[in-house]
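The sequence and structure are shown first.

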Amino acid sequence: MPARAEENNSPVAGGLVFAAIAPHGGLAIAEACTAEDRELAAATRAGMEELGRLFAAARPQAVVVATPHNIHIPGAIGVLVAGRVAGRLAGAPPTIALDVPTELTLAWRVLESLASAGVSANGVSFGSNDPTDAVAPMDWGVLIPLWFMGGRDDPPTPLVVVTPARDLPAADHIRAGVAIAAAAAASGLRVAFIASADHGHAHDAKGPYGFDPAAKEYDQLMCELVRGDRLDRLADIQLELVEAAKADSWWQMLMLHGATIKGWSGRLVSYEAPTYFGMLTAAYEPALPARHPPPPHPPPIATCPLNLKRKRE
């Protein structure tokens with residue numbers, strides 16, 4: 001396992017230091033793929049490796065992951081407060097597994113911050129009645145991003161899992177992101193935020209959700225908003241488009257927008273739809289003061305609408 005990047009032991013103000021949009025398709029992990037499938041998502045794997053490098057350089061002491069595939073609470077944002085989150089990737093070799101401690105103090109701060117912001121939220125544990133001994137299941141929406149960002153560090157970067165609520169309005173998800181950033185600032189920790197997100201799931205008629213041209217339209221729009229640093233336009237997207245595209249990214253991206261709403265800049269790293277769903281990687285970092293020129297970045301590994309290919313028969 002990779003060692004964690006050297007800790008920054010100098011006094012720092014707490015707060016978000018890095019954020020990302022990361023996909024959670026199993027194709028992102030080379031070790032989880034068959035030899036044939038390994039050819040399908042090269043741009044995504046390169047993008048995830050780039051996110052991993054940027055994550056390590058930011059030296060976060062905790063990571064918050066917003067996933068659409070864990071607990072679902074009607075009318076409320078969910079926050080896991082079990083002492084650990086652990087699981088393996090279904091259908092992959094048993095070595096594709098993680099066991100990560102929860103940063104419990106930050107988790108409870110997130111809940112308090114959500115309540116203060118007027119966002120409905122509940123803390124959820126699993127198993128043991130003592131949350132510090134409880135182990136909650138880790139879904140693929142958490143495991144796959146953490147495979148590249150903190151989950152395999154020695155020791156793993158402590159985690160807070162949050163889940164969106166699709167029956168809450170866009171504004172509540174944006175406020176939730178603002179509240180998460182406020183909790184990070186109050187924690188005294190360097191914190192990363194990951195929006196775990198796959199996009200349109202209707203790119204292929206032979207996929208489980210069939211074909212709908214809305215998937216390509218939605219994904220192209222996501223690329224435009226990320227490339228143009230215009231996540232503020234997410235809330236203007238009609239829910240009918242999100243639903244027709246069979247997307248599971250919009251809610252987590254709204255939370256990302258709230259968390260990075262002031263003084264951040266984003267960069268599209270990669271996009272492709274090698275099977276029936278779209279995968280996008282993007283990095284968000286605090287904007288540098290004007291007196292410092294921004295560091296050079298490589299061009300996007302793949303940009304929309306490129307790589308909207310179908311899986312081979």
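## Helices α4 and α7

The crossing of α4 and α7 is right-handed. This is a predicted model. Contact between the two helices involves Ala-170, His-173, Ile-174, Ala-176, Gly-177, Val-178, Ile-180 and Ala-181 on the α4 side. On the α7 side it involves Trp-250, Trp-251, Leu-254, Met-255, His-257, Gly-258 and Ala-259. Sorted by class, the contact of α4 with α7 comprises 11 nonpolar and four polar residues, with no charged residues.

Helix α4 spans residues 170-187 and helix α7 residues 250-259. Their axes come within 6 Å and cross at roughly 45°, which makes α4 oblique to α7. Helix α7 is largely enclosed by the rest of the structure, because 10 of its 10 residues are buried. The buried residues of α7 include Gln-252, Met-253 and Leu-256, along with Trp-250, Trp-251 and Leu-254.

## Ala-181 in helix α4

Ala-181 is part of helix α4. Its relative accessibility is 18%, so Ala-181 counts as buried; the cut-off for buried is under 20%.

Apart from neighbours within four places in sequence, Ala-181 is in contact with Leu-16 and Ala-259. Between the C-alpha atoms of Ala-181 and Met-255 the separation is 9.9 Å, and these two residues are 74 residues apart along the chain.

## Helices α2 and α4

Helix α4 also packs with helix α2, which covers residues 104-116. The axes of α2 and α4 are 8 Å apart, and the packing angle is about 130°. That angle makes α2 oblique to α4. The crossing of α2 with α4 is right-handed.

From α2, the residues in contact are Leu-106, Arg-109, Val-110, Ser-113 and Leu-114. They meet Ala-176, Ala-179, Ile-180, Ala-182, Ala-183, Ala-184, Ala-186 and Ser-187 of α4. The class count for the contact of α2 with α4 is 10 nonpolar, two polar and one charged. Ala-176 and Ile-180 of α4 meet α2, and Ala-176 and Ile-180 also take part in the contact with α7.

Gly-15 belongs to strand β1. Gly-15 has a relative accessible area of 8% and is buried.

Not counting residues up to four places away in sequence, Gly-15 touches Ala-184, Ala-185, Leu-189, Arg-190 and Val-191. Gly-15 and Ala-186 are 171 residues apart along the chain, with their C-alpha atoms separated by 7.1 Å.

## Helix α5 and its cover

Helix α5 runs over residues 214-227 and has 14 residues. From its first C-alpha to its last, α5 reaches 20 Å, close to the 20 Å expected at 1.5 Å a residue. Just after α5, Asp-229 has a positive phi of about 55°.

The buried residues of α5 are Ala-214, Ala-215, Tyr-218, Asp-219, Leu-221, Met-222, Cys-223, Leu-225 and Val-226. Among the elements that cover them are β1 (15-22), α6 (239-245), α7, β10 (264-272) and β11 (279-286).

## Leu-241 in helix α6

Leu-241 lies in α6. With a relative accessibility of 15%, Leu-241 counts as buried. Leaving out residues up to four places away in sequence, Leu-241 touches Ala-214, Glu-217, Tyr-218 and Leu-221.

Of these, Ala-214 is 27 residues from Leu-241 in sequence and 6.3 Å from Leu-241 in space, C-alpha to C-alpha. Ala-214, Tyr-218 and Leu-221 are among the buried residues of α5.

## Helices α1 and α3

Helix α1 (residues 42-58) packs with helix α3 (residues 140-148) at an angle of about 65°, and their axes are 7 Å apart. That makes α1 roughly perpendicular to α3. The contact joins Met-48, Glu-49 and Gly-52 of α1 to Ile-144, Pro-145 and Phe-148 of α3. By class, the contact of α1 with α3 has four nonpolar residues, one polar and one charged.

## The chain as a whole

The protein has seven helices and 11 strands. Of its 313 residues, 56% count as buried. Among contacts in the protein with a separation of 6 or more, 79% come from residues 24 or more positions apart.

Definitions and conventions. Residues numbered from 1 in each chain as written. Predicted model: local features only at pLDDT ≥ 70, side-chain atom pairs only at ≥ 80, totals over all residues. Heavy atoms only, no water. Axes fitted to C-alpha atoms, helices over the stretch in contact; angles between N-to-C directions. Helix = DSSP H or I, 4+ residues; strand = E, 2+ residues; numbered from the N terminus. Parallel < 35°, antiparallel > 145°, perpendicular 65-115°, else oblique. Left-handed = near helix turned anticlockwise from the far one by under 90°. Contact = heavy atoms within 4.5 Å. Nonpolar A, V, L, I, M, F, W, Y, C, P; charged D, E, K, R; others polar. Expected span 1.5 Å × (residues − 1). Buried < 20%, exposed > 50% of the residue type's maximum accessible area, 1.4 Å probe, protein only.
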